[in-house]
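Could you walk me through this structure, one selection at a time? I have it open in a viewer and would like to know what to click on and what is there.

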Amino acid sequence: MCFSDARFAYGPFPPHWVPRRYLETYFAQHRLDSLLVANTTVEDVSRLTSTEGPEQWKLTLRKHDKLRGVDVWWEEVFDAVVIANGHYSVPYVRLFPCFSRLEAYDGKYPGRVIHSKCYRSPSLYRGQKVLVIGNSASGFDITNQIATTAQLPVYQSRRSKNKFDGDEPPDGIVWKPVITEYRAEDSRITFADGSSLGFDDVDTVIYCTGYRPSFPFWNASANGHELYDYENGKLVGNYWHTFFYGHPTLVLVGMPRTLTFRSFEYQAVAVARVWAGRAATALPSVAEQQKWERDRLEATRRAGTRFHDVGGPGQGETVDGMFEYFQKLYDIAGLNTLRGKGRVPPVVSDEMMWALEHEHKYPPPKKGKEGGAEVGFGSAAEMAEEGGNAEGWVMVDRGHMELEIVRG
């Protein structure tokens, strides 16, 4: 979780303020402060076309003036735009058949149903009766954290088994299937197995069902198309998860699900080389880029995977997919100049791959009667027995969220 030229001085799973400080420091170290305009909202991005030159982009910007208590609006024109707004800001609640009834339930009991985006601390749910929806990363985290403070049991509604789960839930947690109905008239929540929870059984429902990419600033009318295809879960007119073949001066950094910071760096270096006219390999023709998009969509549909998941340890696809993704960006960027101008794309070393494969937020569950998710490797010897390399493993205790270094 770092850029190649600045090591991240923390364990693998830090609290949110640590990476924020890392990024602020990184920006300052490179003396880019004069180029930064903070606390500014991009309200509109519109393409400007001209027969005399390349396309440009008009941005409508807004910044709040605290002294006067007003919003200041203005427009600026740019030669190129990098979209890097992330995609973990707009909560997504899966549209199961019960969704319409959920609206009625939420209307009758306002504030009882929230999304994990609103979650801050398990201490806020001390003594409460909680139902968590979802068991991916945030659902797994929140369920186990809340179990340390909430009134037990904590209920967790799950569509499928998480790779961190054992055969039985940990003490204090009850697994439930998906919800089939919210009944506002009698406050009951019904599950697929016919069981239900009543008003006195639940104080808070927390949806941990992820987020959706959002680009509210994108002016589809002025730009000729939407930026994101929600039906297929992909960027529109995009090549290699980065470039837009219809807009040579527009790129998006940060969409693929893989090694995040290294992916950002590979994309940034490749984009800089292309726009500076120093790319080692030119981008393919528009026809070839369109073919890549079609083929990628067909392949991911067939495999049942997501368009922008490119792989990596624990990321749903093979490590080969990650290396293919990085290699293409590396081929486009090439090396820096003889005089050292331009960044060299970072290597994905054996040391890094070892760390990715051996740093675990949660120890893998044991099999058999001890197979609860809270049961894990308790010692270096146990790790070795399970086939792991005991030396240098880094694990995080779920209950206290403290780093434990296990050395042989």
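Start by selecting strand S7 (residues 130-133) together with S13: they pair in the parallel sense over four bridges. Strands here are DSSP runs of E with at least two residues, helices are runs of H or I with at least four, and both are numbered from the N terminus. Two strands pair if DSSP finds at least two bridges between them. Zoom in on Val 132, whose bridge partner in S13 is Ile 206.

A word on what you are viewing: this is a predicted model, in which local features need pLDDT of at least 70 and side-chain atom pairs count only at pLDDT 80 or more, while totals for chains, interfaces and linings use all residues. Residues are numbered from 1 along each chain as its sequence is written, and side-chain values use heavy atoms, with hydrogens and water left out.

**Around S13**

Buried means under 20% relative accessible area, exposed means over 50%, and partly exposed is in between (1.4 Å probe, protein chains only).

Next, select helix H3 (residues 137-146), where eight of the ten residues are buried. Among them are Phe 140, Ile 142 and Ile 146. What lies over these buried residues? The cover includes S7, strand S8 (154-157), strand S9 (173-176) and S13.

**A three-strand sheet**

Move on to S10, S11 and S12, which form an open antiparallel sheet in that order. S10 and S12 stand at the edges with a single partner strand each, so one side of each is left without a neighbour in the sheet.

- Strands S10 (residues 179-183) and S11 (residues 188-191) pair over four antiparallel bridges. Tyr 182 has Ile 189 as its bridge partner, and Arg 183 has Arg 188. Four residues lie between the strands of this hairpin, where Ser 187 takes a positive phi near 65 degrees.
- S11 and strand S12 (residues 196-197) pair over two antiparallel bridges, with Thr 190 opposite Ser 196. Their hairpin also has four residues between the strands, and Gly 194 in the turn has a positive phi of about 90 degrees.

**A mixed sheet and a buried histidine**

Now look for the open sheet of four strands in the order S4-S19-S18-S17, with mixed pairing. Strands S4 (81-83) and S17 (238-239) are at its edges, each with a single partner strand, so one side of each is left without a neighbour in the sheet. Inside the sheet, S18 (residues 243-244) and S19 (residues 247-252) pair in the antiparallel sense over two bridges. Phe 243 has Val 251 in S19 as its bridge partner.

Stay in S19 and click on His 247. Is His 247 buried or exposed? At 2% relative accessibility, His 247 counts as buried. Its side chain is joined to that of His 225 by a polar contact of 2.9 Å. A polar contact is a pair of N or O atoms within 3.5 Å; within protein, one must be able to donate a hydrogen and the other to accept it, and residues adjacent in sequence count only if both atoms are side-chain atoms. Leaving aside neighbours within four places in sequence, the residues in contact with His 247 include Arg 47, Glu 55 and Trp 57; contact means heavy atoms within 4.5 Å.

Select helix H5 (residues 260-276): its 17 residues should span 24 Å at 1.5 Å a residue, and the end C-alpha atoms are 24 Å apart, which agrees. The expected span is 1.5 Å times one less than the number of residues. Just after H5, Gly 277 takes a positive phi of about 75 degrees.

Then show Phe 3, Tyr 22, Tyr 26, Phe 261 and Phe 264, which form one aromatic cluster. Rings of Phe, Tyr and Trp (its six-membered ring) pair if their centres lie within 6.5 Å; planes under 30 degrees apart count as stacked, over 60 as edge-to-face and the rest as tilted. The count comes to 21 aromatic pairs. One of them is tilted: Tyr 325 and Phe 326, 5.4 Å centre to centre with 35 degrees between the planes. Both of these residues are buried.

Finish at Arg 158, whose charged end sits over the ring of Trp 175, 3.7 Å from its centre. For this, NZ of Lys or CZ of Arg must be within 6 Å of the ring centre and within 35 degrees of the ring normal.
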